[in-house]
Amino acid sequence: MIDVGSGAGKEAMDIVVERCAGLDVHKDTVVACVRTPGKGGRREQTTRTFKTMTVDLLALRDWLVAMGVTLVGMESTGVYWKPVFYVLEDAMECWLLNARHLRNVPGRKTDVQDAEWICQLVEHGLVRPSFVPPKPIRELRDLTRYRKAQIDERGREAQRLDKVLQDAGIKLSSVATDILGKSGRDMLAAMIAGTCDPQVLAELARGKLRKKIPLLRRALQGRFVSHHRLIVEKILAKLDFLDETVEELSAEIDRLIAPFAAEVDLLDTITGVDRRAAECIIAEIGIEMARFGDSARLASWAGRCPGHHESAGKHKSGKSRPGSKWLAATLAQCAEAAGRSKNTYLGAQFQRLRGRRGHPKARKAVEHSILVAAYHVLDRHVPYQDLGADWFVRRRPEAHARRLAHQIEALGFRVTIEPTDQAA
């Protein structure tokens with residue numbers, strides 16, 4: 001540990017936190033700066049450097065406790081902040097700070113100065129902490145993210161399988177919807193075993209696929225040679241391993257999410273959200289919505305709303321801020337499913353916007369609506385209530401009537417709009 005010393009000076013801004021610390025976290029070292037009250041209303045500053053081994057982090061915690069530190073701020077640096085945060089969170093309040101909020105003066109960049117800068121920002125209350133979920137949610141998040149990575153890897157491996165078959169001239173995917181179904185697996189197993197006769201392979205079809213046996217005979221005629229057999233065998237073995245991994249992860253997720261079963265059921269009522277998506281949403285945003293304040297802040301944090309950049313009275317780029325890619329992927333899948341739904345508010349919203357703004361923007365708007373619905377469902381502990389596909393008509397019936405009248409007039413007819421007694 002290196003003791004850099006202390007500094008004092010008259011502060012121009014109010015002191016919000018009397019005893020605070022700023023940490024500049026790296027892979028192998030942590031630079032800690034502590035600011036405490038000194039004599040005559042001055043501020044004393046002490047800086048030390050610690051290693052990031054667990055024993056060194058425990059020494060860092062003991063030193064901060066001995067200095068009477070009540071609040072620690074640290075920059076979110078990759079994954080290196082996590083062990084530091086987890087060691088300190090039980091002993092004092094810890095803030096994870098967005099790196100974009102900690103820009104220092106250009107030309108003055110050292111680890112010690114970074115720690116001092118972070119400490120001063122925390123001291124004067126010039127930064128806000130990022131969302132760090134509690135331990136149960138963090139464990140759930142690790143599992144859901146890893147499961148998602150394995151599911152994505154399985155999809156890539158299935159695509160590799162089809163590429164190998166295409167290289168061998170086997171057009172099985174042109175006939176069978178799922179080449180990894182029971183019929184497809186039987187055919188692939190027979191091909192690995194050395195069977196190349198397309199008639200014999202086609203007879204392995206099951207169920208509705210048997211109606212396509214003549215077409216299968218043509219599709220299964222190719223040049224499936226020894227190196228194709230080896231690659232396909234390894235791909236199928238990896239697919240089986242990934243399936244088993246996903247099942248084991250899902251079982252552990254079911255165990256960890258049991259205390260939040262009520263919240264999962266509530267999220268499952270939202271159009272487009274199934275149980276797996278509900279698990280991922282809880283793992284990413286938790287169940288305590290008070291930490292976000294309102295649904296607009298949640299949407300901004302997740303990057304599911306337009307950005308806001310105004311200067312000199314001019315609105316510039318409205319690009320959304322980057323949010324959690326894991327939450328974005330889950331919401332995208334939910335929005336696609338909701339967009340295909342019939343007689344629902346989200347389905348109508350998607351179809352209404354797709355024609356005018358395009359598919360990506362329509363999907364993102366539905367993602368925003370799903371996230372806002374999730375906020376209110378979790379905050380109020382009530383199931384989702386769909387507004388109905390006709391909501392956009394019922395919301396402003398006069399405007400809808402005028403729009404229809406303009407369309408009729410464009411065809412050469414005259415229209416007079418008069419409200420009926422029932423409408424009045």
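Helices here are DSSP runs of H or I with at least four residues, strands are runs of E with at least two, and both are numbered from the N terminus. What you're looking at is a predicted model, where local features need pLDDT of at least 70 and side-chain atom pairs count only at pLDDT 80 or more, while totals for chains, interfaces and linings use all residues. Residues are numbered from 1 along each chain as its sequence is written, and side-chain values use heavy atoms, with hydrogens and water left out.

Let's begin with confidence. pLDDT is the predictor's confidence in each residue, on a scale from 0 to 100. For the protein chain the mean is 89, with 92% of residues at 70 or more. Where pLDDT is low, the predicted coordinates should not be read in detail.

Now find helix H4, residues 135–167. Its 33 residues reach 48 Å from first C-alpha to last, close to the 48 Å expected at 1.5 Å a residue; the expected span is 1.5 Å times one less than the number of residues. Just after H4 comes Gly169, with a positive phi of about 80°.

Next, the charged side chains. Opposite charges can pair when their charged atoms come close. A salt bridge here is a side-chain nitrogen of Lys or Arg within 4 Å of a carboxyl oxygen of Asp or Glu, and the whole structure has 25 of them. One joins Arg35 to Glu123, at 2.7 Å from N to O. Arg35 sits in strand S2 (residues 29–37) and Glu123 in helix H3 (residues 111–123), so this pair ties together parts 88 residues apart in sequence. Both Arg35 and Glu123 are buried, on a scale where buried means under 20% relative accessible area, exposed over 50%, and partly exposed in between (1.4 Å probe, protein chains only).

Other pairs are set up differently in the chain. Glu367 and Arg363 have their closest N and O atoms 3.5 Å apart, and they lie four residues apart in helix H14 (residues 359–380), about one helical turn. Glu367 is buried at 3% relative accessibility, whereas Arg363 is partly exposed at 29%. Arg210 and Glu203 also form a salt bridge, at 3.1 Å. There is a network of salt bridges too, linking Glu153, Arg156, Glu157, Arg160 and Lys238.

Two loops are worth a stop. Asn343 isn't a glycine, yet has a positive phi of about 55°; look for Asn343 between helix H12 (325–339) and helix H13 (345–357). Asn343 is exposed, at 70% relative accessible area. His381, also not a glycine, has a positive phi of about 55° and sits in the loop between H14 and helix H15 (391–395).

Finally, go to helix H16, residues 397–410, which holds Ile408. Just after H16, Gly412 takes a positive phi of about 100°. Ile408, Leu411 and Phe413 form a nonpolar surface patch, with about 340 Å² of accessible area together. Ile408 itself counts as partly exposed, at 37% relative accessibility. Patches are built from residues with over 30% relative accessible area and no salt bridge, joining like charges within 9 Å and nonpolar side chains (Val, Leu, Ile, Met, Phe, Trp, Tyr) within 5 Å. The areas come from the Shrake-Rupley method with a 1.4 Å probe, and for residues only the protein chains shown count as cover.
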